[in-house]
Amino acid sequence: MKKRFGAILLLTLTFFGLLSSVPVTVSASQVSHAPRVLLAYDSENRAKGDQAKIDAVQRLLTSLNLEVHTIRIDQYHTGDIKRLRFKAVITMVNWSQAKLTTSHFAHDRAAFTGLKLHIGPSMAKDERQSLGLALRPRYHQQYWLSDHTSSARQLLSFSESLAVTAQTPATVKTFGTLVPQSQNAQKVPYGVINENSAYLPYLTPNGLSFVVASRLIARFFGHTATYAPLLTITDVTPFRNMDLLHKLATDLENNGIPFAISTTSISVNTDLPAYKRFTSELQWVENHGGVIFLRTPVVYYPKASTQSELTQLMQTQIRRLIARQVFPVGMSTPNYWNQDLVYRPAALSYSNNVILTGNPSETKNADADNTAGVYKRTFYGLKEQSLETVHNGTNLAQTNLSFSSPTAITMTMPDSQKDLTGLVKRVSAAKVSWLDPSAGKFSGTTTVANQRAHYRNGNYYLNGRLTVVPTYNPPKQTKPTPVTPTGALNTFFSVDGVFLFFFMIVSLIVLLAFYIVGRQVYWRMFKKK
């Protein structure tokens, strides 16, 4: 009986041991039960770069704490809208000429009673009925986009055909105004919301068009707050010029500009002086108005073991940084990592803050599931150039902009003193109220194994205890004193040099004497006797 009881107990313990060893794919840092949104697009239309529009909408929705499920329309399965209980369906048309749609998607969308948003041309009949507004085609027009909220305007690209809402009742919410270049043409709204339906005829992933479109989408999902942007310096690595990073942090603090650093790190050779200098400069950033976001590494060839290797790599990097009293307040990554079943839990599950930047031209997915993770705070990474280079319109960097979702305005780490000076001048001249992480509206927690680093009100806590980041003083740059090598050969070459000098002098004197004597002998041969 005792043996039987012992065997049962052993099996029970083994069973629970196996359960405890199963990897958890849903991180505590992710928001559970976030509203689901279906983003259905007809084509990426890479010939015109329209994949950037899909990327932008994905990141914007994620920054609004919405769980985005992205699918190409022709891959839609009947009944998915109802089965997955979506709160909203967004239809994005990038290539209207191809007419890429399916009847079962159109049927399910027509029966759907939740929120519906159409982006782009070729609005379907069921969408028009839901919108309840008459659309009028406008051919061969070029419009100014005017925004009364920011008093800015932008010249949009020439349009062969654009369907606009010419007549809008007072109950319809409008966003931006399309002002035609032709004086006789009518001004029309850029975007509209009518009850549970919304329409955006045109979208670009940058400039004023995106700012206004993001405001419409945020309001459509009930978000009325505005957000100050977080200035974020990207492309920082352990191999950058640390003197420039030191001066950048100092100059930004001297100009009263709070900021964040998005940096990669390493997990090996962390005992070398170069790593200690790198982490010391990150300590300097922490003590001079900056916070640290850890950037995900580059994966060139994903394979079966990528998840375990990436998990170990990220955890080791975080532990090494914490050991050097560098406390990341969040993660930074290109958007496609958040759409991947391998990358998402392995690299983004350690912090409640994530910065999502635009996708590179080439992506290396391990297991793309096109379902975005949702975090407590997700920043939409917006390049500073997209605000400064609005040609034929208002320079948005000189406009006091506020954003409709958490936004990180990114600027690349300068490579020279000249670039650094230009960066600080542009930031100082921008009429932007920057997010100050130390002011109380921001907090960050990063957890790995039994270590929990927390940032709040400008203070750092490790496992609940207040931690003071060391004050780092960089070594003064002094010119090295030239050292004259010494050795047995030095004396030889020194004596030999003196000997050669005197030998040449004596040789010249002898040759000069021979020249004088020879010249006299030569002249005597021609004298008359």
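How many residues apart in helix α7 are lysine 247 and aspartate 251? They sit 4 residues apart, which means about one helical turn separates them. The views below come from a predicted model, where local features need pLDDT of at least 70, side-chain atom pairs count only at pLDDT 80 or more, and totals for chains, interfaces and linings use all residues. Residues are numbered from 1 along each chain as its sequence is written, and side-chain values use heavy atoms, with hydrogens and water left out.

View 1. Helices are DSSP runs (H or I, at least four residues), as are strands (E, at least two), and both are numbered from the N terminus. Lysine 247 is partly exposed at 33% relative accessible area, while aspartate 251 counts as buried at 15%. Buried is under 20%, exposed is over 50%, and partly exposed is in between (1.4 Å probe, protein chains only).

**View 2. Aspartate 55 pairs up with arginine 59 in a salt bridge.** Here the closest N and O atoms are 3.4 Å apart. Both residues belong to helix α2, 4 residues apart, or about one turn of the helix. Aspartate 55 and arginine 59 are both buried.

**View 3. Glutamate 384 meets arginine 426 in a salt bridge.** The closest N and O atoms lie 3.0 Å apart. This pair ties together distant parts of the chain, 42 residues apart: glutamate 384 is in the loop between β17 (377-383) and α11 (385-388), and arginine 426 is in helix α12 (residues 417-429). Glutamate 384 is buried, with 9% relative accessible area, whereas arginine 426 is partly exposed at 33%.

View 4. By the same rule, the count comes to 17 salt bridges.

**View 5. The second largest pocket holds about 910 Å³ of space.** A pocket is an open set of points on a 1 Å grid over the protein atoms alone, where a 1.4 Å probe fits, with protein on both sides within 12 Å along at least five of seven lines; lining residues have an atom within 4 Å of a point. This pocket has 33 lining residues, with Asn94, Ser96, Pro121, Ser159 and Ser161 nearest its centre. Strand β8 gives the largest share of the lining, 5 residues.

Definitions and conventions
Grid points are joined across faces, edges and corners, and a volume is the space filled by probe spheres set on the points. A salt bridge is a side-chain nitrogen of Lys or Arg within 4 Å of a carboxyl oxygen of Asp or Glu.
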